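Here is a short report on how two chains meet, and on a few places inside them. Look over the sequence and the structure first, then read on.

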There are 2 protein chains.
Amino acid sequence: MGGSYAARLKELGYTVYGFDKDQQALDYALNNQMIDQSCLNPADLLGKCDLVIFCLYPTKIADWIKTNHNFFKKDVFLMEISGVKSSIVNELRQAADELSMVSVHPMCGRESKGIQFSSPEIFSGSNFIIIDDGSIPKGHIELSRMLAAEMGFGKISVLSADEHDRMIAFLSQLTHVIAVCLMNTHENSHLVEYTGDSFRDLTRIARINESMWPELFLLNKDILLEEIEAFEAAISHFKKALENNDRKEMSSLMVESTRRRELFDK
Amino acid sequence: MGGSYAARLKELGYTVYGFDKDQQALDYALNNQMIDQSCLNPADLLGKCDLVIFCLYPTKIADWIKTNHNFFKKDVFLMEISGVKSSIVNELRQAADELSMVSVHPMCGRESKGIQFSSPEIFSGSNFIIIDDGSIPKGHIELSRMLAAEMGFGKISVLSADEHDRMIAFLSQLTHVIAVCLMNTHENSHLVEYTGDSFRDLTRIARINESMWPELFLLNKDILLEEIEAFEAAISHFKKALENNDRKEMSSLMVESTRRRELFDK
C-alpha cells in the first residue's frame, strides 16, 4: 500500500518522500520514479512533510509516532490507513498528542505483498472510509475527502470505528477466513486441471499475507468470531436441509441468496 | 445449456433441431437462429437426428428416453451432460438399452437460467469430462472428444463416475453451498456500498438456479456431505486458532493456503 500510495501521489504531482527500514524497497521506489527522495532515518526528512501517510502494520504505528514525535512539523497532517480501527484509534490519537491525526481505510489492495506489486491504479473507483466517532474536526474530514477524491477513489464515506469494524469483519475478514479454509479443506493439487471459475473466485484471496492478516484478525477478534459463528450456523442449517433431503428448504435458501446477491451486482 | 449447445452447433454448420416443452423457448431459439427447426412433439423430428444431446434435469432423462425410445434412429448417438454421474449413469444406460449412450460434463454455464442467457461462447477453453468406468466403447469416447474439440473446449479428460462426482463435490458443489451460506449469514443490504471485490467474488455464484442445484446436491448427497464436513472442520480449526490468539497457527494456515492456491493460478 505504501508503494501504491507513493506512486499515485507522485503521479498527481506531489513531492513524495519514502520512509522505510528496507533500503531495497526504497531503491526500488526511487528507480521506478515512485518517490522523489528516500529516507532510512526519519529525522532527515520528516520535518519537510505536510502530510504523513502510515502504511505500517497497525500495532507499529503508535510507537513510530512516539519515537519520531519531535521531528514532525507542528501543522503536519497524519493519516493512518489500517484495516481495523476500534482497537487502535485511541492509542494513535494519544501518540499523536496535539498533532492532527485521522484514521481512514482505503478499501483496495493486492493479494501479494511487496513494493514490486504496488500500482498507482488500485485506488481508482474503490471505496474510501473516513473514521469519525464525532470528535474529528470537520476540516480534517474534508481534507481526507478531497485527497481521496483527487486520488480517484469512488464512494467516500464516514463511519464510526465500530461500524467500520463490523462491516470489515463480514465483508473482508470473514471472506478471507473462508477462502483460506476452503483451500485447506483437503489436498487438492490433483484437481487443478478441472478447476473452473467458481473455485478460482472463491479462493483468489487464499493467497494472503500471512504476517498482516493474523494481526488484523486479532485486532478485531471478538467481532470476527461472531461473524465466523454466524457463518457456521448458516452452513450447519444448509447441511441439515441436505441431510433431511429437504429440497424445498435448500431451494428457498437459494431464492434468498439470489435475491440478496442481486443488490450486490455492480 | 440447451440454448448454448444449439447456438454453438448451429454456428459450426450443423443442422440443429430444438426439442422443448416450452413453445416460447423454441420460438426464441428459432428467431435467434439458434436452431433450424423447433419441435414440441419428439415424434416429429427425433428420427432425423444422428446425435441427441440431453440438456435436461438429470432425473428427467431416463423417462424421456424410455417414452421416446421408438422414435430414435437405430444408430443414434445419445449424449447427456448432467452435473452428477454415479447416481444416474446406470439407469440411463438401461433406458438407452441397445442405443449408444455417453455421459459427459461440459464444465461451463451461466448463473442465470433461461434461453435468453444462453451463448455459443461459454464453451471456449472450458474443461470437458467424458465419463468412462471402463465399459464405454473407444469409438464413443473418440466421437465425444472430437465434438468437444470442435466446439472449442479446452482440456478434455476421461474420468470414472466416482472420480467425477468427488471432484465436482469439492470444486463446484461445496463452493456453491459456501456462497449461498455466506450470502445468507445475516442481513447485509446496508453493506452494499462498502463491498469490494473479495465479497463479490465469494458470492457471485450465490445467484443460483434454485430448481436445479438442490437436485444435483441430492444426487451427490453423501459425497457432498463429506466435503461440507471437511470444510466445517477447517473453519473450526481456524476459529480455534483465533480464539487462542494463536498467531503462529493462523499464519501457517495462510502459508499453506497461499502455497496451494499458487497451483490454481491460470
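A:E256 and A:R260 share helix 10 of chain A and sit four residues apart, about one turn of the helix. An α-helix has 3.6 residues a turn, so residues three or four places apart point the same way. In this predicted model, the two side chains meet in a salt bridge, 2.8 Å from N to O. A:E256 is partly exposed, with 24% relative accessibility. A:R260 is buried, at 12%.

**Other salt bridges**

Side chains of opposite charge can pair when their charged atoms come close. Over all chains, a search of the whole structure finds 34 salt bridges. Four of these pairs are set out below.

| Salt bridge | Closest N and O atoms |
|---|---|
| B:K85 and B:E80 | 2.9 Å |
| A:E226 and A:R166 | 3.3 Å |
| A:R207 and B:E262 | 3.6 Å |

A:E226 and A:R166 link distant parts of the chain, 60 residues apart. A:E226 belongs to helix 9 of chain A, and A:R166 to helix 6, residues 161-183. A:E226 is partly exposed, with a relative accessible area of 44%. A:R166 is partly exposed too, at 37%. In chain B, are B:K85 and B:E80 buried or exposed? Both are buried.

**Where the chains meet**

The pair A:R207 and B:E262 joins one chain to the other by a salt bridge. These two residues belong to a network of salt bridges that also includes B:R261 and B:D265. Across the interface of chain B and chain A, the rule finds 14 salt bridges. It also finds 42 residue pairs in polar contact there.

Which elements give two or more residues to the side of chain B that touches chain A? They are strand 6 (127-131), strand 7 (156-159), helix 6 (161-184), helix 7 (197-203), helix 8 (212-219), helix 9 (221-243) and helix 10 (247-263) of chain B. Helix 9 of chain B gives the largest share, 16 residues. By class, this side of chain B has 40 nonpolar, 18 polar and 23 charged residues.

In total, 81 residues of chain B are in contact with 81 residues of chain A. The two chains bury about 8,500 Å² between them, 67% of it on carbon and sulfur atoms. In chain B, the residues that lose the most area to chain A are B:Y194, B:R261 and B:F264. Together they account for 9% of what that side buries.

**An enclosed helix**

Why is helix 8 of chain B largely enclosed by the rest of the structure? Seven of its eight residues are buried. These are B:W213, B:P214, B:E215, B:L216, B:F217, B:L218 and B:L219.

**A buried serine**

A:S4 lies in helix 1 of chain A, residues 2-11. At 2% relative accessibility, A:S4 counts as buried. A polar atom of the A:S4 side chain lies 3.0 Å from the backbone nitrogen of A:S119. Leaving aside residues up to four places away in sequence, A:S4 touches A:S118, A:S119, A:P120, A:I122 and A:F123.

Definitions and conventions: Residues numbered from 1 in each chain as written. Chains lettered and ligands numbered in written order. Predicted model: local features only at pLDDT ≥ 70, side-chain atom pairs only at ≥ 80, totals over all residues. Heavy atoms only, no water. Contact = heavy atoms within 4.5 Å. Buried area = accessible area lost by both parts, 1.4 Å probe. Salt bridge = Lys/Arg side-chain N within 4 Å of Asp/Glu carboxyl O. Polar contact = N/O pair within 3.5 Å; in protein donor to acceptor, adjacent residues only side chain to side chain. Nonpolar A, V, L, I, M, F, W, Y, C, P; charged D, E, K, R; others polar. Buried < 20%, exposed > 50% of the residue type's maximum accessible area, 1.4 Å probe, protein only.
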